[in-house]
Protein chains: 2
Amino acid sequence: MIKDQSISTFLDELASSSSTPGGGGAAAIMGALGAALASMVCNLTLGKENPEAGDVELQGALKKANALSSQLSDMSQADVDAFNGVMRAYGMAKDSGEEKAARSEAIQAALKVATDVPMACAKLAREVMDISKFVAEKGNKNAITESGIAVLVAYAALRSAALNVTINIGHIKDQAFTSDRQKQLEQVLKGSDDLLAAVNSTVKELL
Amino acid sequence: MIKDQSISTFLDELASSSSTPGGGGAAAIMGALGAALASMVCNLTLGKENPEAGDVELQGALKKANALSSQLSDMSQADVDAFNGVMRAYGMAKDSGEEKAARSEAIQAALKVATDVPMACAKLAREVMDISKFVAEKGNKNAITESGIAVLVAYAALRSAALNVTINIGHIKDQAFTSDRQKQLEQVLKGSDDLLAAVNSTVKELL
């Protein structure tokens with residue numbers, strides 16, 4: 001699993017000429033970093049001594065942020081697996097007409113998986129942005145830069161995942177699928193610039 | 001060293017109520033992710049078989065991106081050390097007037113270090129943005145999303161590091177220092193929104 005690699009190893013593998021891990025895996029890790037920072041703000045707000053006594057909303061945000069960090073760090077591996085699936089399909093035999101058809105079908109199926117993994121990443125990153133807004137407003141003011149950094153990296157993760165959705169959609173022939181995923185993507189991106197600006201503004205006021 | 005930790009461990013330590021690692025360490029890792037993605041595009045462009053035969057400009061960009069990734073991943077540790085230095089200074093005895101003066105002096109000195117580490121991170125992240133622009137324009141078009149993701153995460157790193165510079169400057173009394181660092185910060189941020197928009201636009205055209 002990518003999440004079990006050292007940061008150095010992941011950076012080296014990212015930098016190499018191997019196609020995986022690539023931007024999709026990095027986007028998932030970016031989202032996880034944002035979620036972990038949101039958790040940090042929750043933890044610093046709830047306090048070390050008696051976190052159970054803290055605000056119920058903050059406890060909910062902490063639980064959610066912890067889950068998002070875990071899901072997103074797992075997703076870095078899912079992205080690699082999905083991309084490798086596409087590469088395997090492209091590598092299939094294409095001598096006979098039958099082989100060509102089977103290969104083409106496998107490529108299309110693999111591309112759909114490789115679209116839905118970054119789509120899921122985009123949706124989770126958007127959730128990290130929402131939690132970042134909450135912790136910027138309700139969290140410990142001494143950790144205001146952490147809230148600000150959480151939203152910046154979650155936004156970058158969202159936009160990064162969106163790039164991977166878009167490039168994969170471009171190779172998919174099933175128009176019902178592409179049209180549906182295009183709509184999902186518009187939905188998850190909708191308002192994200194305003195959300196980023198709103199959190200940036202809250203952070204700026206509190207700095 | 002933070003870069004030797006597994007991604008999971010780093011995320012867990014980030015999320016905890018301990019003040020370090022925090023947003024500054026995350027910002028450095030974000031910058032390193034961007035640099036590694038830029039290296040990946042260079043490597044995919046130069047080719048696996050005979051990278052030495054490739055474009056000299058691209059080889060220069062690869063060397064630079066590799067160095068930036070390494071510097072930025074080291075910087076995640078420097079940020080932790082700088083923050084711990086501030087915490088140690090705040091923890092000094094303050095019973096006598098002499099102790100109070102020594103503590104105050106130590107806090108101010110530590111805050112200057114804790115300003116200059118994210119400042120250096122911001123400058124390196126800006127360099128990652130410049131390389132991302134270069135690879136988006138000159139790199140392998142099959143890796144265009146990697147160039148796009150590199151600039152998104154490098155921008156997030158730049159803005160994140162800037163938040164940490166700003167918050168630390170706010171506690172420093174030496175006006176010559178704060179005014180100089182304010183100018184340096186403006187300089188490194190100057191044009192970064194336009195640079196991000198330009199790379200986003202190049203990526204969008206090639207998607």
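The conversation below sets values against definitions.

Modeller: This is a predicted model, in which local features need pLDDT of at least 70, side-chain atom pairs count only at pLDDT 80 or more, and totals for chains, interfaces and linings use all residues. Residues are numbered from 1 along each chain as its sequence is written, chains are lettered from A and ligands numbered from 1 in the order in which they are written, and side-chain values use heavy atoms, with hydrogens and water left out.

Biologist: What makes the pattern of chain A α-α-α-α-α-α-α?

Modeller: Helices are DSSP runs of H or I with at least four residues, strands are runs of E with at least two, and both are numbered from the N terminus. Chain A has seven helices and zero strands, and reading along the sequence gives α-α-α-α-α-α-α.

Biologist: Why is A:Arg181 called buried?

Modeller: Buried means under 20% relative accessible area, exposed means over 50%, and partly exposed lies in between, with a 1.4 Å probe and protein chains only. A:Arg181 has a relative accessibility of 16% and therefore counts as buried. This residue sits in helix α6 (residues 175–189) of chain A. In chain A, 55% of the 207 residues are buried.

Biologist: Which residues are in contact with A:Arg181, leaving aside its neighbours within four places in sequence?

Modeller: Contact means heavy atoms within 4.5 Å. With those neighbours left aside, A:Arg181 is in contact with A:Thr115, A:Asp116, A:Met119 and A:Ile169.

Biologist: What makes a set of residues a nonpolar core?

Modeller: The set must consist of buried Ala, Val, Leu, Ile, Met, Phe, Trp, Tyr and Cys residues joined through side-chain atoms within 4.5 Å. The largest such core has 148 residues, and among those with the most contacts inside it are A:Met30, A:Leu33, B:Met30 and B:Leu33.

Biologist: How do you know that the two copies are related as by a two-fold rotation axis?

Modeller: Two copies of a chain are related by a rotation about an axis and a shift along it. Copies are superposed by least squares on the C-alpha atoms of residues with pLDDT of at least 70 in both. Chain A can be laid on chain B with an RMSD of 0.0 Å by a turn of 180° and a shift of 0.0 Å along the axis. The two copies are thus related as by a two-fold rotation axis. The same surface serves both copies, since 100% of the contact residues of chain A recur in chain B.
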